[in-house]
Amino acid sequence: MKKLITMAVLSFCMTAAVSGAQPSDKDDQQIEKRIEKLVRKMTLEEKVSLLHGNSKFYVSEIKRLGIPEWSLSDGPHGVRAEINRHDWGYANWTTDSSTYFPTGTAFAAAWNPELAYYRGEVLGEEARWRKKDVLLGPGVNIIRSPLCGRNFEYMSEDPYLNSVLAVQYIQGLQSRDVACSVKHFALNNQETNRTTVEVECSERALREIYLPAFKAAVQEGGALTVMAAYNKYLGDWCAENKYLARDILRDEWGFKGVYVTDWGAAHSTVK
């Protein structure tokens, strides 16, 4: 819980990267001290309030400590037009224009890591201008079935290409003080029954095909958040899957950021 609380106040504490500058070790230490001080002042209710959304794309503020709302936005191809707080209708703002980038498949077809970094930078600049703290992308699942409804959002059928492009995209985006959310972890490769299906996959296929881009995103790209997939694997939903989220993501890869569910993908708060 402490790790999640710590990440939830980063949007309030981290200001060094707004201009594109990377925080130094001294900056990191000062940020950690500030976070620890804030966490010690929080009530249990306030800590819990930072572990779930309070509306569409927002996490609660804590006014008495000066912690603002945590604002998230879709998606991998551009900062989404503003929607209403409590339904999926558009808010009809006139100040929420953004660039619509080529879809993931078209973007990957360029085979251009430098372009991936620039893409991330522009997405980050537009997201920060819109006061967004997290952009829900990139999508790095492997394109395996032509019927997968998210294929347009992902990049390719090649684990290495996905890895290289994801790292550059993430580094460009996060250089502008906006966190990425790499998705959908893991094995989200079909549309039919994607919220209920249990995926069967060998350990070798998992490691050689489906996980490399996520691993690179975390260890090389420095991804600050990872989004769970809807499906089950080894008997458990991905959002609460010990093997994926704890054994691999946390312990093996050293991920210290936020592990977030997709919409409605939390089945058990205990797990």
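Visitor: Where does G75 lie?

Guide: G75 is in the loop between β3 and α5. Keep in mind that this is a predicted model.

Visitor: OK. And what kind of peptide bond joins D74 and G75?

Guide: That bond is cis, with omega at about -10 degrees.

Visitor: Where does D74 itself sit?

Guide: D74 is in that loop too, between β3 (70-73) and α5.

Visitor: Is D74 buried or exposed?

Guide: Buried. The relative accessible area of D74 is 18%, and the cut-off for calling a residue buried is under 20%.

Visitor: Which residues is D74 in contact with, once you skip its neighbours within four places in sequence?

Guide: D74 contacts F57, V79, R80, L135, L136 and K183.

Visitor: Tell me about F57, then. Where is its place?

Guide: F57 is in the loop between β1 (53-55) and β2 (58-59). It has a positive phi, about 70 degrees, although it isn't a glycine.

Visitor: Buried or exposed, that F57?

Guide: F57 counts as buried, since its relative accessibility is 7%.

Visitor: What is phi like for W111?

Guide: Phi of W111 is near 50 degrees, which is a positive value in a residue other than glycine. W111 is placed in the loop between α5 and α6.

Visitor: And does W111 count as buried or exposed?

Guide: Exposed, because W111 has a relative accessibility of 63%. The cut-off for exposed is over 50%.

Visitor: Why do you point out positive phi values and cis bonds?

Guide: Most residues other than glycine have a negative phi, and most peptide bonds are trans.

Visitor: Back to cis bonds. What about the peptide bond from G137 to P138?

Guide: That one is cis as well, with omega near 5 degrees. P138 is found in the loop between β4 (134-135) and α7.

Visitor: New topic: helices. At what angle do α7 and α9 pack?

Guide: About 25 degrees, and the axes of α7 (residues 159-174) and α9 (residues 212-219) are 8 Å apart. Angles under 35 degrees count as roughly parallel, so α7 and α9 are roughly parallel to each other. Their crossing is right-handed.

Visitor: Which residues in α7 and α9 meet?

Guide: From α7 you have P159, N162, S163, V167 and I170, and from α9 you have P212, A213, A216 and A217. By class, the contact of α7 with α9 has seven nonpolar residues, two polar ones and no charged ones.

Visitor: How about α8 and α10, at what angle do those cross?

Guide: At roughly 55 degrees, and the axes of α8 (residues 203-210) and α10 (residues 242-252) come within 15 Å. That angle makes α8 oblique to α10. The crossing is right-handed here as well.

Visitor: Which residues make the contact between α8 and α10?

Guide: On the α8 side they are E203, L206 and R207, and on the α10 side Y243, I248 and E252. By class, the contact of α8 with α10 has three nonpolar residues, no polar ones and three charged ones.

Visitor: Which residues is L206 in contact with, leaving aside neighbours within four places in sequence?

Guide: L206 contacts L187, C201, L211, P212, Y233, Y243 and I248. Take L187: it is 19 residues from L206 along the chain, and the C-alpha atoms of the two are separated by 8.1 Å.

Visitor: So what about the largest nonpolar core: which residues touch the most other members?

Guide: They are V182, F185, L187, L206, L249, W253 and Y259, out of 46 residues in that core. At least two residues each come from α5 (104-108), α6 (113-129), α7, β5 (179-185), α8, α9, β7 (225-228) and α10. The largest share is that of α7, with six residues.

Visitor: How many residues are in the other core, apart from it?

Guide: That other core has 16 residues, including L50, I83, L136 and M227.

Visitor: Why would nonpolar side chains gather like that?

Guide: As a general point, nonpolar side chains tend to be buried together in soluble globular proteins.

Note on methods
Residues are numbered from 1 along each chain as its sequence is written. This is a predicted model: local features need pLDDT of at least 70, side-chain atom pairs count only at pLDDT 80 or more; totals for chains, interfaces and linings use all residues. Side-chain values use heavy atoms; hydrogens and water are left out. Axes are lines fitted to C-alpha atoms, for helices over the stretch in contact, and angles run from 0 to 180 degrees between N-to-C directions. Helices (H or I, at least four residues) and strands (E, at least two) are DSSP runs, numbered from the N terminus. Angles under 35 degrees count as roughly parallel, over 145 as roughly antiparallel, 65 to 115 as roughly perpendicular and the rest as oblique. A crossing is left-handed if the near helix is turned anticlockwise from the far one by less than a right angle, and right-handed if clockwise. Contact means heavy atoms within 4.5 Å. Ala, Val, Leu, Ile, Met, Phe, Trp, Tyr, Cys and Pro count as nonpolar, Asp, Glu, Lys and Arg as charged, and the others, Gly among them, as polar. A nonpolar core is a set of buried Ala, Val, Leu, Ile, Met, Phe, Trp, Tyr and Cys residues joined through side-chain atoms within 4.5 Å. Buried means under 20% relative accessible area, exposed over 50%, partly exposed in between (1.4 Å probe, protein chains only).
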